[in-house]
Each structure stands twice: as C-alpha cells, then as structure tokens.
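Welcome! Here is a short tour for anyone meeting this structure for the first time. Have a look at the sequence and the model, then read on.

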Amino acid sequence: MSIKTSKDKVVLHQQTFVESLLQRAGMADCKPAYTPLMPNTQLVAAEHAPDTPEHQILSAKDTAWYREMLGSCLWLSSLTRGDIAYACSTLAKFMAAPTTSHLQSLHQLLRYLRSSADLA
C-alpha cells in the first residue's frame, strides 16, 4: 500500500497489490473489463442450480484457488476499493461450494481490477 499526502488530502493506493494479485492469478495480461460483475448476473448456490456445465462444483484445487483470489479481493475491497465490495460479498456467499459460473464471475472481477488497477 502506498500513501500519498499533500497539503489537503491523503490518498491510499494499492496498485502494486492489484498487480501482484493478477500475477498470482495468472491474469496479468488478461482482457480488461469495465464492470466488476456482468450486468444482470444471477448467481445461485450449487444445490439450487440446474444440472448444467455452468453449475458444476469446482474441483478441490480450483476451490482453493477461488478462495485465495476472492480472499485477496475482499481484503482489497475493505481497505481502498469500495467499488468492488458488492461483487466480492456476492461471490463470497458461494465460498463453500463454488461452481463454474461463480468462477467465471470471479474472472470478470479480476479483469475489472486489471482495467482499474490505478484507482485509489
């Protein structure tokens, strides 16, 4: 976290953290997105979802990755990035059993962070 001060304000900035998060996620060169979630996204829990490929529960390895990346996003949202708070809290509801559609929404959030990494 970098802190920039001037005569009348203090700005907290986490561009370096966002860049390292994207690097860890393997998405440093991903296509940017301009919204944290796709408009009209309807996410449902695995037990209430239809039996389709978009709603298959992730493997243990993918679930661990989902939790790690989302945990970093939650930390980021609580400190300096209120713009991603809704997306993070929505995705966090499904940490126990994330599905492919939840993973796709997390990728959308990470692509949004790439396009807005320099926001303070």
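Predicted model: local features only at pLDDT ≥ 70, side-chain atom pairs only at ≥ 80, totals over all residues.

Residues are numbered from 1 along each chain as its sequence is written, and side-chain values use heavy atoms, with hydrogens and water left out.

**The whole protein**

- The protein has 4 helices and 2 strands; helices (H or I, at least four residues) and strands (E, at least two) are DSSP runs, numbered from the N terminus.
- Starting at the N terminus, the order of elements is β-β-α-α-α-α.
- The C-alpha trace spans about 60 × 25 × 25 Å along its principal axes.
- Of the 120 residues, 39% count as buried; buried means under 20% relative accessible area, exposed over 50%, and partly exposed in between (1.4 Å probe, protein chains only).
- Among contacts with a separation of 6 or more, 78% link residues 24 or more positions apart, where contact means heavy atoms within 4.5 Å.

**Helix 1 with helix 4**

- Two packed helices are described by the angle between their axes and the distance between the axes.
- Helix 1 (residues 15-25) packs against helix 4 (residues 100-115) at an angle of about 140°, with the axes 10 Å apart. That makes helix 1 oblique to helix 4.
- Axes here are lines fitted to C-alpha atoms, for helices over the stretch in contact, and angles run from 0 to 180 degrees between N-to-C directions. Angles under 35 degrees count as roughly parallel, over 145 as roughly antiparallel, 65 to 115 as roughly perpendicular and the rest as oblique.
- Helix 1 and helix 4 cross in a left-handed way, a term used if the near helix is turned anticlockwise from the far one by less than a right angle (right-handed if clockwise).
- On the helix 1 side, Val18, Leu21, Leu22 and Ala25 meet Leu110, Leu113 and Arg114 of helix 4. By class, the residues of this contact are 6 nonpolar, no polar and 1 charged.
- Ala, Val, Leu, Ile, Met, Phe, Trp, Tyr, Cys and Pro count as nonpolar, Asp, Glu, Lys and Arg as charged, and the others, Gly among them, as polar.

**Helix 3 with helix 4**

- The axes of helix 3 (residues 85-92) and helix 4 come within 11 Å and cross at roughly 160°. Helix 3 and helix 4 are therefore roughly antiparallel to each other.
- This crossing of helix 3 and helix 4 is left-handed.
- Ala87, Cys88 and Leu91 of helix 3 make the contact with His102, Ser105, Leu106 and Leu109 of helix 4. The contact has 5 nonpolar, 2 polar and no charged residues.

**Helix 2**

- Which residues of helix 2 are buried? They are Thr63, Tyr66, Met69, Leu70, Ser72, Cys73, Leu76 and Ser77.
- Helix 1, helix 3 and helix 4 are among what covers these buried residues.

**Two loop residues**

- Asparagine 40 lies in the loop between helix 1 and helix 2, and its phi is near 60°, a positive value in a residue other than glycine.
- Asparagine 40 counts as exposed, at 73% relative accessibility.
- Lysine 93 is in the loop between helix 3 and helix 4 and counts as exposed at 65% relative accessibility.
- Lysine 93 and tyrosine 34 are 59 residues apart in sequence and 23 Å apart in space, C-alpha to C-alpha.
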